[in-house]
Amino acid sequence: MQDVDAIPALTAVLNDLSLHPIIRHEAAEALGAIGIESNVPILRNSLALDPAQEVRETCELALERIEQLKDAGDGSAVEKSPFMSVDPAAPTTSCSSANQLREALLDEERGMYERYEALFALRNNGGDEAVAAIIDSLASKSALLKHEVAYVLGQLQNKNASAALSNILKNVNEHPMVRHEAAEALGSIADDQSISLLEEFAKDSEPIVSQSCEVALSMLEFERSGKSFEYLFMQSPLVQ
């Protein structure tokens, strides 16, 4: 939505350390998506003070995105996502081959924004080599990057990713943020094995994971009824 009226509420969420890091992460990402310069001090404060690495990394990405938007002027030079999403980084234009992008994405020494740029360029490429590189990056050390990788694999809906995403969901030692995105991605892929796994982990002891599985299954059921998910937001509320 990128609604500036949401900034005070998002700031309050980001600063509330009693909330789960995944919620603070989403608030920081939303502030970056809104993309105005007045959000910079808010994000810098959390970059310096938030105890969760995934939140600090999100603030770092959001600050870089705002800087990129500033450099682009009115934003017309920023590439629009073919998936209709507001991405936390624009796809890189500094390298074009899947091998070069793979190298950038898998390099643990590179900055997070640069790796995100490579990730979204590989997503937009969409070829077999690109998808293989994205899948391999699920072995990254960063929970934040892995969660975004799982999200991208859900966008691509490529069944070659099912096994890797399933392993993420099954791994109870993995960060809940990553398992959450893996569950949603498996719901997008929606093969029989993925659905069976979602049904199993809808009983997971981690609420973020179990609820993500439930949501993924509900969305599948709704879409199979012949309606798009967007239909949920088009219905008039029931009056009882």
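Here is a quick tour of how this protein chain is divided up and what holds some of its parts together.

This is a predicted model, so some limits apply: local features need pLDDT of at least 70, side-chain atom pairs count only at pLDDT 80 or more, and totals for chains, interfaces and linings use all residues. Residues are numbered from 1 along each chain as its sequence is written, and side-chain values use heavy atoms, with hydrogens and water left out.

**The two domains**

- The protein chain is assigned domain 1 (4-72) and domain 2 (98-225); such bounds come from an automatic or database domain assignment.
- Taken over C-alpha atoms, the centres of domain 1 and domain 2 are 23 Å apart.

**Where the domains meet**

- Domain 1 and domain 2 bury about 1100 Å² between them, with 70% of it on carbon and sulfur atoms. Buried area here is the accessible area (1.4 Å probe) that two parts lose on being put together, summed over both.
- Helices are DSSP runs (H or I, at least four residues), numbered from the N terminus.

**Salt bridges**

- Side chains of opposite charge can pair when their charged atoms come close.
- Searching the whole structure turns up 10 salt bridges.
- One of them joins Arg24 and Asp50, whose closest N and O atoms are 2.8 Å apart. Arg24 lies in helix 2 and Asp50 in the loop between helix 3 (40-49) and helix 4, so the pair ties together parts that are 26 residues apart in sequence.
- Arg24 and Asp50 are both buried; buried means under 20% relative accessible area, exposed over 50%, and partly exposed in between (1.4 Å probe, protein chains only).
- Arg102 and Asp136 also meet in a salt bridge, at 2.6 Å from N to O. Because Arg102 sits in helix 5 (residues 98-106) and Asp136 in helix 7 (residues 128-136), this pair links parts that are 34 residues apart in sequence.
- Arg102 is partly exposed, at 28% relative accessible area, and Asp136 is partly exposed too, at 37%.
- Arg110 and Asp107 form a salt bridge at 3.2 Å, N to O, and a network of salt bridges links Glu103, Asp107, Arg110 and Glu114.

**Two loop residues with positive phi**

- Most residues other than glycine have a negative phi, and most peptide bonds are trans.
- Gln157 has a positive phi, near 55°. Gln157 is placed in the loop between helix 8 (143-156) and helix 9 (162-170), and is partly exposed, with a relative accessible area of 47%.
- Ala190 has a positive phi as well, near 60°, and lies in the loop between helix 10 (176-189) and helix 11 (192-201).

Notes. Salt bridge = Lys/Arg side-chain N within 4 Å of Asp/Glu carboxyl O.
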